[in-house]
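Subject: Structure for you to look at

Hello,

Please find the structure we spoke about below. My notes on it follow; please read them with the structure open.

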Amino acid sequence: MRQAAPAGASAAGPAQPDSLLDLHGQVAFVSGAGQGTGRAIALMLARNGAGGVAVNDFVGERAEAVATEIRTLGVPAVAVPADVGNLDAVRGAFAQAQALGPVTLLVNNAGTAGPAQQMRPTPLFWETDPADWDRFLRTNLQGVLNCCHAALPVMVAQQRGRIVTIVSDAARTGEARLSVYAAAKAGAAGFMRSLAKEAGRYNITANCVSLSTLEPALDEPAKSEFLASEQARAHVARYAIRRFGSPDDVAAMVLFLCSDAAGWITGQTYPVNGGYSAAL
């Protein structure tokens, strides 16, 4: 395991250019990392100097599979299955993660927009059942609060930390038929901006990465068939870069925000969206 840099190592400025994106042995906790984007983020951090990765997922088998992949890279990893919407479960997951060392990198990736729709219409807000709202709020907003609440005491004690929360362009620009999801993601982004002001004095940054549509998590040949469909081509035509995003597109931005290169960036939301919408 790499030795973590001293707590104040990056306070005077970023590291030398050849190591700007090196994580210098810090331990990461990635929620919702058992598949897709979360898996790509966990692997990206492991490949770029993380001293250990705690892989969280609601499904234990998925978390363990990704932890095994990371260990094959020579990086310590533990599976910490938990429902991020349950604070007691999150505290237990962070207690397990401490076996790797103090967690100073937190990526809030766990989220849900509901069952996979493959871009089929979902109900308008007034057609929804209020009983269904909780699943969006519980994971996308309460889950972020819970993970940050569990992580921050250690970060404050270490006088260092990076928190990156995955949000959605639905929260930035609005999206019909995703009203409650958009509200939850917008709440998470607002929380990050406030947290940035609270935690900055402890050398802790808090930022968001905002996503548009990523390529579907389908097996072949279903994935290729979908991407070749008229429906998919029409959707991609809305983007300046005419393709769906990939998990690695997201993971690269998360790595940057976790690194010394982003040491003076906090309270910001970075769109990774192929030019679907602009940010000023």
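**What was found**

Phe 29 stands opposite Leu 106 in S4. The S and H labels are for strands (E, at least two residues) and helices (H or I, at least four residues), which are DSSP runs numbered from the N terminus. Two strands pair if DSSP finds at least two bridges between them.

This is a predicted model: local features need pLDDT of at least 70, side-chain atom pairs count only at pLDDT 80 or more, and totals for chains, interfaces and linings use all residues. Residues are numbered from 1 along each chain as its sequence is written, and side-chain values use heavy atoms, with hydrogens and water left out.

**The sheet**

Seven strands make an open sheet with parallel pairing, in the order S3-S2-S1-S4-S5-S6-S7. Its edge strands, each pairing on one side only, are S3 (77-79) and S7 (269-272). On average, neighbouring strands of this sheet are turned by 15 degrees against each other, direction ignored. Axes here are lines fitted to C-alpha atoms (for helices over the stretch in contact), and angles run from 0 to 180 degrees between N-to-C directions.

Strand S1 (residues 27-30) is joined to S4 by four bridges. S4 (residues 103-108) has six of its six residues buried, where buried means under 20% relative accessible area, exposed over 50%, and partly exposed in between (1.4 Å probe, protein chains only). Another four bridges join S4 to strand S5 (residues 161-168), and Leu 105 stands opposite Arg 162 in S5.

Eight bridges join S5 to S6; Ile 163 has Ala 206 as its bridge partner in S6. Strand S6 (residues 204-211) is joined to S7 by four bridges, with Val 209 opposite Tyr 270 and Ser 210 partnered by Pro 271.

Is S6 covered on one face or on both? Both faces are covered. Ile 204, Ala 206, Cys 208 and Ser 210 are buried on one side, and Thr 205, Asn 207, Val 209 and Leu 211 on the other. Helix H6 (residues 179-199) lies across S5, S6 and S7, and runs at about 160 degrees to S5.

**The cores and an aromatic pair**

In soluble globular proteins, nonpolar side chains tend to be buried together. A nonpolar core is a set of buried Ala, Val, Leu, Ile, Met, Phe, Trp, Tyr and Cys residues joined through side-chain atoms within 4.5 Å. The largest one in this model has 37 residues, and Ile 41, Leu 45, Ile 70, Val 209 and Val 254 have the most contacts inside it. Apart from it lies another core, of 32 residues, among them Leu 100, Leu 152, Leu 195 and Ala 206.

Rings of Phe, Tyr and Trp (its six-membered ring) pair if their centres lie within 6.5 Å; planes under 30 degrees apart count as stacked, over 60 as edge-to-face and the rest as tilted. The count comes to three aromatic pairs. One of them joins Phe 29 and Phe 94, which are stacked at 4.0 Å centre to centre, with 10 degrees between the planes. Phe 29 is in S1 and Phe 94 in helix H3 (residues 87-97), 65 residues apart. Both Phe 29 and Phe 94 are buried.

Asp 169 is in helix H5 (residues 169-173). Why does Asp 169 count as buried? Because its relative accessibility is 1%. The side chains of Asp 169 and Ser 210 are joined by a polar contact of 2.6 Å. A polar contact is a pair of N or O atoms within 3.5 Å; within protein, one must be able to donate a hydrogen and the other to accept it, and residues adjacent in sequence count only if both atoms are side-chain atoms.

Ser 212 is in the loop between S6 and helix H7 (222-227). Ser 212 counts as buried because its relative accessibility is 16%. Leaving aside neighbours within four places in sequence, Ser 212 is in contact (heavy atoms within 4.5 Å) with residues including Asp 169, Tyr 239 and Tyr 276.

Gln 268 is in the loop between helix H9 (247-258) and S7. At 41% relative accessibility, Gln 268 counts as partly exposed. A polar atom of its side chain lies 3.0 Å from the backbone oxygen of Thr 266.

Regards
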